[in-house]
Amino acid sequence: MKGRNLLMIPGPIEFTPEVMAAMAQPTTSHVAGDFVECFGESLEMMREVFLAPSAQPFILAGSGTLAMDAAVANIVEPGDGVLTVNSGYFSDRMGDIAARYGAEVTNLSGSLGDIPSADEVRKALQDGDYRVVTITHVDTSTGVMADVEAISRVADDAGALVIVDGVCSTAGAECRSEEWGVDIHLTASQKAIGVPPGLALLTVSPEAMEAFRSRKTPVPSYYAGFDKWLPIMEAYEGRGPAYFGTPAVNLVAALNVSLGQILSEGMDARFERHHRLARAFRAGMRALGMDFVPAREDLYAPTLSAVYYPEGIGPDLVPAIAAEGVMTAGGLHPQIKEKYFRVGHMGAVNASDIIATVAAVERALKTKGYEFEPGSGVAAAEELLCR
Ligand code: PMP
C-alpha cells in the first residue's frame, strides 16, 4: 500500500524527489563556500524565473505574508495612497498590511468571483492620488486571476509602483515582471516554486529600489528592512559571505534545485503545462455538473480551481475526497466558505495527478448519493489530456 495521500491543496504542494533530497543534505554553515555559491546562484536564477532581469532579488526566511510585509514596509510611507485591486481574502490582507504601515488604502473591489478591469483601475487612478497599486495575481480564496499585464500598464501610465502578490501564481501562471512593469513581484516557496514552506521571495525593480532609497522615513520593520538585507543579497551574489539573520540553509539548498528544474523545463513550457492541466481538471468538474467561483473563463487560474459543490452537496465532500486518497481544501472566502472547495494544480503536478483527483472526487460524490455517470468526469479530463 502506498500509505500516503496525494496532496492537491493550493500549497503546500507535492515537491520533487530531488528537492526533498536537497532538504535532507547535512546542514552547512551559512558562510561556507558551497552555501555562498548555492545562495548566489539561486538569486541569479530568481531573475530568470520571475522574468525580471534588472531586478534585485531577495530570499528571506519566512512565509508569503513576510514577503507581502517586506514589499509594503520598504516602499510605502505614512500617508501614501495605496490602491488595492481586490479579488478576495489575500487582496484584503495586502490592504491591511498597507494600512498598518500608515498608508491611505482604497480597496477597489469587483463582485465576488470577479476583479476590477484595467479601465476601472485607470479611472480610480485618475480620481485619486496613488503611489502604489497592489494586485493579487491569483487570489487563493476565489481562484480569480488578475490581468497583471493590463493593470500594471495602467498603473505605470499613472506613475504608480506596482506590487504583485504571486504567492499562488509565480512559476505557474505567466508573469513577465519587467516587460509588464511590475515593480515588486513577491511569492513564497511552498506553491509553484516547489520548495517546502519557509521562504519569502521577492524581485524588486530599479524604480522600487529607488523608492526605497529615497524614503523620507526609516523602514518601520526591522527584520524586513531592505537596508538590512540588501548588503547580504549583494554579498552572496558577489560570492562572498555575509550575515544579518541566519538564512534557512536547507530551504535555500532546495530552492536552488527547484529553480534549476523550473528553468530546465522552460518558463513558457511550464506556463503552458499549467494551463493544459487546469483545463483538463475543469473539464472533469464541469462534466460532473460543477461550476467555478470565478465569474468568467478569462479569470480562471492555471494554478488553482475554486469549485462550487453541486446541488445537495456540502463541505463534508472534502473529507470524503480525502478518504479516497486525495487532499483538497475547503472554502476560504467568508461569504461562500460552505459552498465551494479548492484544488491546487501547480508545480510538479502531472496528468496522472489530475486524473487521480477527478476520480477521487467522483468516488466521494458517490458516497454522498450524488447522481451522475461514473467515469464521466475522468473521461472529460482525459479527453483534453489526450489531445
Ligand atoms: N497571498 C496569497 C495569494 C496566498 O495564497 C497566500 C497563502 N495561501 C499568502 C499570500 C500568504 O502566504 P503564507 O501563508 O505563506 O504567509
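For my tally I count Ala, Val, Leu, Ile, Met, Phe, Trp, Tyr, Cys and Pro as nonpolar, Asp, Glu, Lys and Arg as charged, and the others, Gly among them, as polar. With that settled, I note that the model I have open is predicted.

**Entry: the largest pocket**

I looked up the volume and found about 250 Å³ for the largest pocket. I then listed its lining, which has 21 residues; Phe 90, Thr 140, Val 167, Gln 190 and Lys 191 are the closest to the pocket's centre. Sorting the lining by my classes gave me 9 nonpolar, 7 polar and 5 charged residues.

Which elements supply at least two residues each to this lining? I found helix H3 (64–75), helix H4 (89–100) and strand E6 (138–139). H3 gives the most, with 3 residues.

Why does the largest pocket lie between domain 1 and domain 2? I checked both: domain 1 (6–11 + 266–385) and domain 2 (17–265) each give residues to the lining, so the pocket lies between them.

**Entry: the second largest pocket**

Next I turned to the second largest pocket, where I read a space of about 200 Å³. Here 19 residues form the lining, and the closest to the centre are Gly 181, Val 182, Asp 183, Ser 205 and Glu 207.

Notes. Residues are numbered from 1 along each chain as its sequence is written. This is a predicted model: local features need pLDDT of at least 70, side-chain atom pairs count only at pLDDT 80 or more; totals for chains, interfaces and linings use all residues. Side-chain values use heavy atoms; hydrogens and water are left out. On a 1 Å grid over the protein atoms alone, a cavity is a set of points where a 1.4 Å probe fits but cannot get out, and a pocket is an open set with protein on both sides within 12 Å along at least five of seven lines; lining residues have an atom within 4 Å of a point. Grid points are joined across faces, edges and corners, and a volume is the space filled by probe spheres set on the points. Helices (H or I, at least four residues) and strands (E, at least two) are DSSP runs, numbered from the N terminus. Domain bounds come from an automatic or database domain assignment.
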